[in-house]
Amino acid sequence: MRLPEPAGGLTLRRWRDGDAAALTAAAGDPDLHRWTSLRVEHPDEASAWLTAQHAGWTTGTRYSFAVVDDQDGLLGHVALKRPGAPATEAEVGYWTAAYARGRGVAPGAVRIVTCWAFAEFPHLRRLRLLHQVDNTASCRVALKSGYAYEQTLKAQDPYPREGHVHVLLGSRAIGDGEA
């Protein structure tokens, strides 16, 4: 499987066990705790999280990437969830380290993984990006990345708040004329 092509100064690469310290540092951010399920405070938790990311690649259920650049190292995370055939829909998720916010990292990483997903999984016709309704920054990221608002979901376990669903159809991402 090809990895995504770098773009806009960002590289998406598979997570490595050696990323544990950078992951732990980034995961200490209270905003990540507010908007994501990421909870990594100790080396053992970092190791378990990284093991789960590796397992997703092995099973084909989750392709997660560290978002990096040449200067600052780890900037964030982006993942493609459940892209397996015969499903024609998958989900994109991401987070950005606090020190990298405001630099276009999230929309750039989402655009890169989106183009990669449609190229690597030709059966995909639709990608979804979900976020909590009160996370206005994620709403902006979705729109900047080409994901149109589709609907609001009711709160349901394990999500305590309503959420927005944004979608992008394959024809918009890769220009193949199909819907």
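Buried means under 20% relative accessible area, exposed means over 50%, and partly exposed lies in between (1.4 Å probe, protein chains only). Keep that in mind for the tour.

This is a predicted model, where local features need pLDDT of at least 70, side-chain atom pairs count only at pLDDT 80 or more, and totals for chains, interfaces and linings use all residues. Residues are numbered from 1 along each chain as its sequence is written, and side-chain values use heavy atoms, without hydrogens or water.

**Stop 1: confidence.** Colour the chain by pLDDT, the predictor's confidence in each residue, from 0 to 100. The chain's mean is 89, and 94% of its residues reach 70 or more. Now select residues 174-179, where pLDDT is below 50.

**Stop 2: helix 4.** Select residues 105-120. Helices (H or I, at least four residues) and strands (E, at least two) are DSSP runs, numbered from the N terminus.

Stop 3: Select Cys115. It counts as partly exposed, at 39% relative accessibility. Next, select Cys139. It counts as buried, at 18%. The whole structure has zero disulfides (pairs of cysteine sulfur atoms within 2.5 Å).

**Stop 4: strand 4.** Select residues 89-96. Which feature does strand 4 line, giving the most to it? It is the largest pocket, to which strand 4 gives six residues. A pocket is an open set of points on a 1 Å grid over the protein atoms alone, where a 1.4 Å probe fits, with protein on both sides within 12 Å along at least five of seven lines; lining residues have an atom within 4 Å of a point. Finish with Trp35, Thr36, Tyr94, Leu130 and Ser138, which lie nearest the centre of the largest pocket.

Notes:
Contact = heavy atoms within 4.5 Å. Expected span 1.5 Å × (residues − 1).
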